[in-house]
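Visitor: I would like to go through this structure with you. Could we begin with the strands and then turn to the side chains?

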Amino acid sequence: MRITGYRTLTTVQEWGRPVGDANGVFADGVVPVSVVVVETDEGISGVGLGPHVEIERIFAAIDGEDPRAVTSLYDRMLRHTFKAGHAGPVFGTIGALDTALWDIKAQVAGEPLWRLLGGRDRLVPAYASGLDIGLTDDELVATYEVYARYGLRAAKLKGGLDIERDRQRLCLVRDVLTEAGHGQRPGLMLDVNEAWTRKQAVRHVCELERALDLIWIEEPVRRWDAEGLAAVGRGIRASVATGENLTGLEQYRPLIAAGAVDIVQMAAVWGVTHFLRASALAHAHDLPVSPIGNSPIGLLHAATAVPNHLTSELQDLTPPVGVSVDLYVEDGAFVLGDSPGLGVRVDEDRIRAVRHPRAQASEGPNVRPERAGRRLLAGVDGIATARPFPGAPLHSHNDVSPTARH
């Protein structure tokens, strides 16, 4: 069996509402999703969701090879990016190809990937994550009421721009999930996407912890700041979660060595092999792992086979346009199916008919704001005072700021 080629597609995730984080929002809720399909000479194709940056150069590492040699081919792809490095979307391309190869390997074996990897239980515990910073209070409540109907009792909110708003929004979601759980206390997390300094992070989280019990604070400072993440962890009760933007074990090692991370995260687009290796590294330090991303199908299968999986992120309850997945959500967990491989099918005709919005270069959460980490007051960027959330009031001198005392 040999790898003979690949195809790339781009579809969209249609949220039907604004989605984003402290760095920006997609106002129309339409988010591009890249798809890679790897072909073989036996007619079996594998699917990976992720970038296809520099894919010609990376694909050369696996062209003509037996796709079942997945982990060896993963290392081969890394070697093909040796000089320029494999960070960022290049690592995502390697991950998409890696996921497609695992899909092929499991299909050849006639088993779902979770079974091939040694998983015993098809259930993967989940938490709700609505990418919700652009929602009004009413929209926020309505969104998490839907998650609650699927049995989800833990939620991660986006925040970091205004501590008072973060507290209010966390309390709203806490009340929704408490009612759905008949009084059982829910799990709450806050993701600020690297928006704070070290001192801001400690002060703001401590202020939130006066009223709330947070499971974790995610990316409170820059992703590579091992000393800063460790300082935040020492100053708060909540765990520190990070890792979704780390690419390669070499980026995890200094954080783990510094005691800078309590919940080790991996992005869905970084691939199955990376997840398995990073999970083993975390397990060696008695740390739990948690996959991040929309449609994290490959990592859900892999999560069943590692001893330290804690919970997986559940974003949109529907897959990208033209993509179907053999799983469903019930009682707060992903339930994986029995289809051989990943259980992912793509309708290429439907994907080709997708309308792709023309996004502005500065639109959305993928561009770091100029004042990130240097905001003196809530909702203030430079000299302009903005409404960070639709319908939110402009704030007064009583707002929490980096100079406020708690």
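Guide: One definition first: two strands pair if DSSP finds at least two bridges between them. Please also keep in mind that this is a predicted model.

Visitor: Understood. How many bridges join strand E6 to E7, and do they run parallel or antiparallel?

Guide: Strand E6 (residues 123-129) and E7 are joined by two bridges, and the strands run parallel. In this pairing, Ser129 has Lys156 of E7 as its bridge partner.

Visitor: And how many bridges join E7 to strand E8?

Guide: Five bridges link E7 to E8 (residues 187-191), and these strands also run parallel. Within E8, Asp191 stands opposite Lys158.

Visitor: Which helix belongs with E7 and E8 in a β-α-β unit?

Guide: That is helix H6 (residues 163-180); together, E7, H6 and E8 form a right-handed β-α-β unit.

Visitor: Why is E7 described as largely enclosed?

Guide: All five of the five residues of E7 (residues 154-158) are buried, so the strand is largely enclosed by the rest of the structure. Buried here means under 20% relative accessible area.

Visitor: Which residues of E7 lie on each side?

Guide: In a regular strand, side chains alternate between the two faces of the sheet. In E7, Ala154, Lys156 and Lys158 are on one side, while Ala155 and Leu157 are on the other. Both faces are covered, and all of these residues are buried.

Visitor: Changing topic: how many disulfides does the structure hold?

Guide: The number of disulfides is zero. Cys171 takes part in none, and the nearest cysteine sulfur, that of Cys206, lies 16 Å away. The cut-off for a disulfide is a sulfur pair within 2.5 Å, so the distance of 16 Å rules this pair out.

Visitor: Are those cysteines buried or exposed?

Guide: Cys171 is buried, at 17% relative accessible area. Cys206 is partly exposed, at 31%.

Visitor: Where does Gly134 lie?

Guide: Gly134 is in the loop between E6 and helix H5 (137-149). Its relative accessibility is 5%, which counts as buried.

Visitor: Now the charged side chains. How many salt bridges does a search of the whole structure find?

Guide: The search finds 23 salt bridges. One of them pairs Arg57 with Glu54, with an N to O distance of 2.1 Å. Arg57 is partly exposed at 30% relative accessibility, and Glu54 is likewise partly exposed at 39%.

Visitor: What does the pair of Arg222 and Glu194 tie together?

Guide: Their side chains meet in a salt bridge of 2.7 Å, N to O. Arg222 lies in the loop between strand E9 (214-218) and helix H8 (226-235), and Glu194 in the loop between E8 and helix H7 (198-208), so the pair ties together parts 28 residues apart in sequence. Arg222 is partly exposed, with a relative accessible area of 25%, whereas Glu194 is buried, with 3%.

Visitor: Which helices hold Glu227 and Arg198?

Guide: The side chains of Glu227 and Arg198 form a salt bridge at 3.6 Å, N to O. Glu227 is in helix H8 and Arg198 in helix H7, so this pair ties together parts that are 29 residues apart in sequence. Glu227 is exposed, with a relative accessible area of 57%, and Arg198 is partly exposed at 34%.

Visitor: Lastly, which residues do salt bridges with shared partners join into one network?

Guide: That network consists of Arg7, Glu39, Glu348, Asp349 and Arg352.

How values were computed. Residues numbered from 1 in each chain as written. Predicted model: local features only at pLDDT ≥ 70, side-chain atom pairs only at ≥ 80, totals over all residues. Heavy atoms only, no water. Buried < 20%, exposed > 50% of the residue type's maximum accessible area, 1.4 Å probe, protein only. Helix = DSSP H or I, 4+ residues; strand = E, 2+ residues; numbered from the N terminus. Right-handed = clockwise from strand over helix to strand, strands pointing away. Salt bridge = Lys/Arg side-chain N within 4 Å of Asp/Glu carboxyl O.
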